[in-house]
Amino acid sequence: MDNKIRFYTPIPIFILGVCLFLGVIPVNSFAAVNETYQQAKIVKGVVKDGNGEPLPGVSISIKGTTNGTMTDVDGNYSLNVPDGNSTLVVSYVGFKTQEIKVSNQTTIDITLEELSKELDEVVVVGYGVQKKINLTGSVAAVQADKIENRAAPNLSTMLTGLASGVSVRQSSGNPGSDGANIRIRGIGTFDGSYRSPLVIIDGAVADMNSVNPEDVESVSLLKDAASASIYGSRGANGVILVTTKKGAKNAAPKVTYTGIFSQTKASRVFDFISDYADYMELYNMAEFSNNPKATSTYDSEEIAAWRAAKANPNGIYTDPDNGNQVPNYLAYPNTNWSDILFAPTYSQKHNLSVSGGSENSNYLLSLGYYDNPGTLENTGIDRFNARVNVESRITKFLKIGTQTYAMRQRKDPGNLDQVNTYRFQTVGGIVPYYDGKYGAPESPKEKNDVRNPLRDVNAIGGVNTTTRINTTWYAEAEIYKGLTGRASINYQNYFYDSKTYSRHLDSYTFRKGTILQPGTTLKDATTTRSYAKQEQYTANVTLNYNTKFAEAHDLGAMLGYEQFYFNKSGVKATKKGLLSFDVTDITTGSDMYEISGNPNESEDKNKPEMDYAMISYFGRLNYAYKGRYLFEANFRRDGSSLFSPDNRWGTFPSFSAGWRVSEESFFEPFNDKISNLKLRASWGRLGNATSGYYDWQAVYAKARYVFNNVISDGVAISKIANPLLKWESVTSKGIGLDASFLNSRLTAEFDIYDRLTEGILTSPAIYLTMGTASAPTKNTSDMRNNGLEVTLGWNDKIGNVRYAVSGNFSYNQNKVVKYLGKLEEGWVDKDGKRVYQSNIGEVTSAGSETGTLRVEGHIFDEYYLRTRYHGTGTYYNNDGSVNPQGGPKDGMIRSEADLKWVQDMIAAGNSFNGASVKQGEGLWYGEYIYADLNGDGNYGNNYDRQFTGKSSSPKYNFGLNLSAEWNGFDISMTWAGAGGFWYYLRERGANQNNLASKTDILPLDTQSKFYYLAYNKETNAPVWDDPRNNLTAEYARLRTGGNGPYAANDQYLYDATYLKLKMLQIGYTFPKAWTRKAYVNNLRIFVSGENLLTITKYPGVDPEIGGGLNIYPISRLLSLGVNVSF
Amino acid sequence: MKKNIFYILTVIIISGYYSCTDILDTTPYNALASSSMWQSEESVDQGVAGIYSALYDWAPGAYDADFDKGFGSTFGFERWGVAGQLHGAESLTSGSINPGSDYFKKTWQKLYEGVHRANDAIANIPAKSPASAEKNARLIAEAKFLRAYFYFRLNELFGRDGLGVPVYTEPVAIEDCTKGQSPEADVWALIVNDLTDAINERNLPDKDNTGRVSKGAAYALRGKAYLYQGAKYAEDGTVSKDETLLNKAVADFEEVGKCGYGLFQGGYKELFTEANEHCAEMIFSIQHTGDTDYGTISQKFVGSRFAYSGTANGWGNQTPAPAGTDLYENLDSAPFNWDDVIPGYSALTEPADRAVYFLRDTLDASGNILKQEGDGKLLDQTVRKKVRDIVNKAVNTKNDYLPYGNEARIRKVYTNRDPRLEANFITPYAGFIGGYSFAGAGNAMEVYSRWPLGSNSAAPAASQRADMATDDGSNFTYFHRKFVYEGTGLARREDGPLDEPLIRYANVLLWQAEAYVELNQLDKAKAMVKLVRDRVDMPTLDAGFANQTIARNYVRDERRREFVNEGVDFFDEMRWRTWKEMKFNRGKGSQGVWGNNFRAYTWPVDNDLYIWPVPQTEIEKNPNLQKTPGWKY
């Protein structure tokens, strides 16, 4: 079907919706206009709070009418009232509503009484708002005060530590790609790209990090099915609702400026050996340890020269070949690449907003600018954004409005892939950059092609520009008493435009002053231009009805219809050969090099245009009896293009109930201690569409071929279709308890839940005889998450100090319930012989190198590893035979006796996974042996692996928020962490003992970390008293070559539990009395720090990001900020 | 009023439902819907091209169990031939192979992919294709040839000794893909049938020069099928023959020439260039261009560090084995003997002793330290030290190193030999026009195969001549010249434009020679071999055909010389049951130029490498399949 038609269908729906509302308006709008304006008079006054401070923006209306006004900045109001019988209704968020009979008064000053906040607290839920007190589902809400004035790069990272049951971990420090991975209540499905919660910004699905955090009014996290099932097939991983700010009604324009300047610095890096002489020596040792007869790569004169030069950095080096003279620090560099690559820099954020409103309209305009050059060169971004939120009442019954947002981001094109590969294969003996020149290896003994990673990241020029538009238009009508309708359409456009080109960067040897590694030639230089586009629209119509009857019954109903369409496409073209390195437009390239599809898609060359669509019907019913018994039901019916017409419709219901025990009469005696006690229970079903866009369909895809030297592509079936494909279904059950004690100073929330995902999509292997077409995707597996969440809060005042503490903790347990079958292993009798059998190959998916396995009855991708052998160290039995339990105590061959025992074991018919005793890659001094867990006499074969009960997903998440205020000073901090998760770490530069290739980087503590034993060069006999020996080291022997007898084992599995001080902010607000004189309403200055402190025992770089060393570190930000409003 | 609301609601929902659910009917933008397949002439052409596409990339990859990187379909098998070897370790030759290996899985899977694509076309074209009857008939004939080709490969690898492979001749659903093996003879019968259908098809042209199947190709493949069944060799050298089949083979091979195919006479080296890839000798080859994803990956895995390849260098994972180079005769057709050039060489058993003869010069004619080419500086002192170290390690030949003249002496080994030696290999101290592209400097440069490597072998200055090296530069090996691109013209090492010949006329002639040998018509056999040798001006002596056994071996050696790097020899050695002898007993391992083993080969104790096993997982899934005898599952 034609795309154009697809795209334009929502607009008629929107217009139709608006017309329908308009059509019914006249019926009501003229009905109630008659009785106003009799003996009009004017009432004036001031509204203040309990402390005598005037309150601006308080709504004052005349009961039974829609007439009303708002107080101004000084709390003054003035209102026409029809007569003395009128009653003023004075209401303000956070205060108790008062009703005052006018009588004869013309001046009525009012003092509003502050409400205990919770009773009035409203949270945003799917397609509406609800009083928190009436919630029956599990919803965590984060208000603007936790998000404003933060230096953190984006909204997702700001949510860290704020809500229970929500794991928020930043995935990278790379500017523009530094969003957090958010997981609500554990891992819901197998495929990592379908575990994120659905993010809705102002009613439409959107990218969370595209929104300017300063524009955000509130964030709601819908954690259970009861609250999320209104989003049906997309809510399986929870839903995050982001609502942006609006202008206040009848408020004078308020101009707010926020500026934050930050020093940006890598929060954690890993230290490698930078001293090149040390490196050379260690490399020689490693080589020697592998083969004592090998000629050393680095000779001792070179090492000595390097050491001498380090002691005398300003001495002059004269090149023997061409007489070039340079100081020693250039001729003998010792570069610490971690410091050079991730160097401190400065970033800044500015935000300006204007908001306000009149009787019928309100507005918010905001502009933002963000500049972050990144700690790694050529990876920075700058970003502009603008927002317009306007709402206007055009007739008495119809409001229209828009929320429109635009953003433009430019990112430097630095080639991170190259840096990530080569920064672990370089040496300290290179000058990074000096006097406009990049350095190359200075030592003539070094491989000439060792790379300078700083040059690598800069070797590409250009800019990647991203532009986003996200605009919503809506109309809201009060159709009938209690019945409102709303129609809205959201359109989003994401546009990515990249132009990159090769830069000519030579690498020099400073010793000779000549080029060692010439940069790209013009002939080989490339220029690339690429575009990617994503468009989507969401159109919906909802009807809302609320009524109260017989005083005791509150009833609410909502019905809605929604239509969604998404499309992405792109093209990338590269030409080779440039006229000049300064003229890089793609039109000047000489040879066509490559054209491919969407550049934003992953490595897959097949990056075509793709689209999907959804149609949904949904509704909600709320009922409350005397505010005590609360019931809610939600349903959604979704139709999706991802599935065949026979399977594309699914229904997702949920039911929940609450009991406000504290409202019962029998509870009255406790009410002074416990102001609120509510029990909640819920059940619901959600869907998760995790398949590719067209997996259910049988299609013929391109199959490359050539005839007569001309590309003549064919087609072939590339994936076998499965028309039976359907949603993964998530059933979520939970019970919860909310309570507040001691006049709401202490609040508590407690939830336990069970979340079962059924029909997880996998592609079980098919017969090889079926050919290479991909196996069909099928609903096959089940996984369960259950856990508990606790949030405790305390707020109080001591003298002038207001303070608040809140902490959250959650525990989640994950288990694969159904996968390929039960794992069965053990000894069986077969033809009279005892045979060890295991069906591990059949019931698990291929394990990874780090030893995780996916199997029924265990944690998702649980570590499954060998353990080190632990013996008694007695070696032999009394009869002189070798004792299998008598080997080395900690499983490392450290002494002659250990090695002899290993030899004797092999001679006695045992095996060490087939490894033999020999120096190079075999069992030798400083190598590990593994335990024989299944007792088959083979130590450390595949059957000796065992489940560890550990995985890389946190079992615990915790957060702690503290804040205090005193006389204009405020301080707040957020701690966040995760626990109960492990990473497998064995990497070069960290703890890998063998240097697989020359110039592999070494950790700073190499000398103490790894076993080392010297040998006599002639006889090859160990020299047990060599001063360089390290016979008690933790890790296997330092050597060159391959992995040898190493096999993945639990020694390298590390607890990654961490606790971070994510944010600390200290501010001072100048007294209003002073600032008013300068027409400044509010002036606050603050200092803040983000990612200030990490407490962890994990030996890698940063457990928050992930296990390995190959990361772009998260930044620590030290900031100075100002917030001023007029 | 309430009615009014109800009415509005109904209108919204119903209008939404009826007007818009068709937005849910999305289809992929990059694929044809299966419902429209075979219904248009274009889709029929594309469906048949899809079968040809299955010829791409079914050889093993550059690393053990790394199949997906695509090693091309022909030269990937060269490493297991007499003249090839892999630099790294691999399970097939190290003795650790088992039926779970990716070699077997992926080969099995990829060949069956070709079968299914052909079945799809053969079943659907007659029923659906709107093309002319003539065109349909020709395309079906092509599909049948291709199906025969895939079954041929399956049967010769997995179906030996009567076992056979599962046969599917129609499109099959997953749940029906559970057949057991059909006996080997039945599979041969299917192959012969398909090829006979192709030959009998009027609309299939005799000869084709665009890369499509021709009648000549069908004759050649059918002749080969007859030959395979007509002469079966045992490991002990006995041969069981069926003369009827051998005569049928000869008859088919005769037909190939009548279809218009013949030997290319423009030179052996020139045959393997783009200009001649569609000449009359190329009966059937896998078609390539240099466009991204359409070329061969030979430059990356077979070229050296100096085989220029756009933005990155070649690697040289696969190099020639010295055993293959020794087969090239002297110019007068006498067998090559090392002792003629270096007296006593063959008696040296210690590789360290032999190494001395392969070292580079260190002094010039006047006895001064040699200067490097290009920069005129003295030869790197590290190189001189390495030379001294190697000389010092020699026991018996310490005094044989000539600081000046060592290179000239070893060059004599490679001069006055069958010209195919230098055309196929880069031998020690021979040059090669490559280019250094690692840091992006794209200059053509002549590089030399020398030992030990100078420091310039990793990243030479533009003016230096570099020493050729494999990826890790740790051993002195021969390098392939055939299918390695010279100069700096190649845009990407992954995409070489040269076609990969599957059947060329020289191959047909030598098959025919083999058939004549087995029919004991040795004169005719000699005549066939002579045609091939005349092209390179090598005399064909009677001595090679003195009796049947000698002739049999001579024809085999001729094949080993002619088809280097075309992935032919491995299949030959397997068929002749000479693989163990040639590769494991004589070769013993991957070797440097002087026969130093750097990667030992071991014939496995439990498993029979002469037949490839049905993959382990397939046996587990499909109980109808019989485990391959000789393999430990």
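Reader: What is the strand order in the open sheet of chain A?

Author: This is a predicted model. The order in chain A is β4-β1-β7, an open sheet of 3 strands with mixed pairing.

Reader: Which strands stand at the edges?

Author: They are β4 (76-81) and β7 (110-111) of chain A. Each has a single partner strand, so one side of each is left without a neighbour in the sheet.

Reader: How many bridges join β1 to β4(A), and how do the two strands run?

Author: Strand β1 (residues 41-48) of chain A is joined to β4(A) by 6 bridges, and the two run antiparallel. A:Val46, for example, stands opposite A:Asn76 in β4(A).

Reader: Turning to chain B, at what angle do helix α17 and helix α18 pack?

Author: In chain B, α17 (residues 505-518) and α18 (residues 522-535) pack at about 160°, and their axes are 7 Å apart. An angle over 145° counts as roughly antiparallel, so α17(B) is roughly antiparallel to α18(B). The crossing of α17(B) past α18(B) is left-handed.

Reader: Which residues meet there?

Author: Among them are B:Leu509, B:Ala513 and B:Tyr516 in α17(B), and B:Met528, B:Val532 and B:Arg535 in α18(B). By class, the contact of α17(B) with α18(B) has 12 nonpolar, 1 polar and 2 charged residues.

Reader: And how much area do chain B and chain A bury between them?

Author: They bury about 7700 Å², with 62% of it on carbon and sulfur atoms. B:Ile23, B:Leu24 and B:Tyr29 supply 10% of the area that chain B buries against chain A, more than any other three residues. The contact takes 91 residues from chain B and 87 residues from chain A.

How values were computed: Residues numbered from 1 in each chain as written. Chains lettered and ligands numbered in written order. Predicted model: local features only at pLDDT ≥ 70, side-chain atom pairs only at ≥ 80, totals over all residues. Heavy atoms only, no water. Axes fitted to C-alpha atoms, helices over the stretch in contact; angles between N-to-C directions. Helix = DSSP H or I, 4+ residues; strand = E, 2+ residues; numbered from the N terminus. Parallel < 35°, antiparallel > 145°, perpendicular 65-115°, else oblique. Left-handed = near helix turned anticlockwise from the far one by under 90°. Contact = heavy atoms within 4.5 Å. Nonpolar A, V, L, I, M, F, W, Y, C, P; charged D, E, K, R; others polar. Pairing = 2+ DSSP bridges. Buried area = accessible area lost by both parts, 1.4 Å probe.
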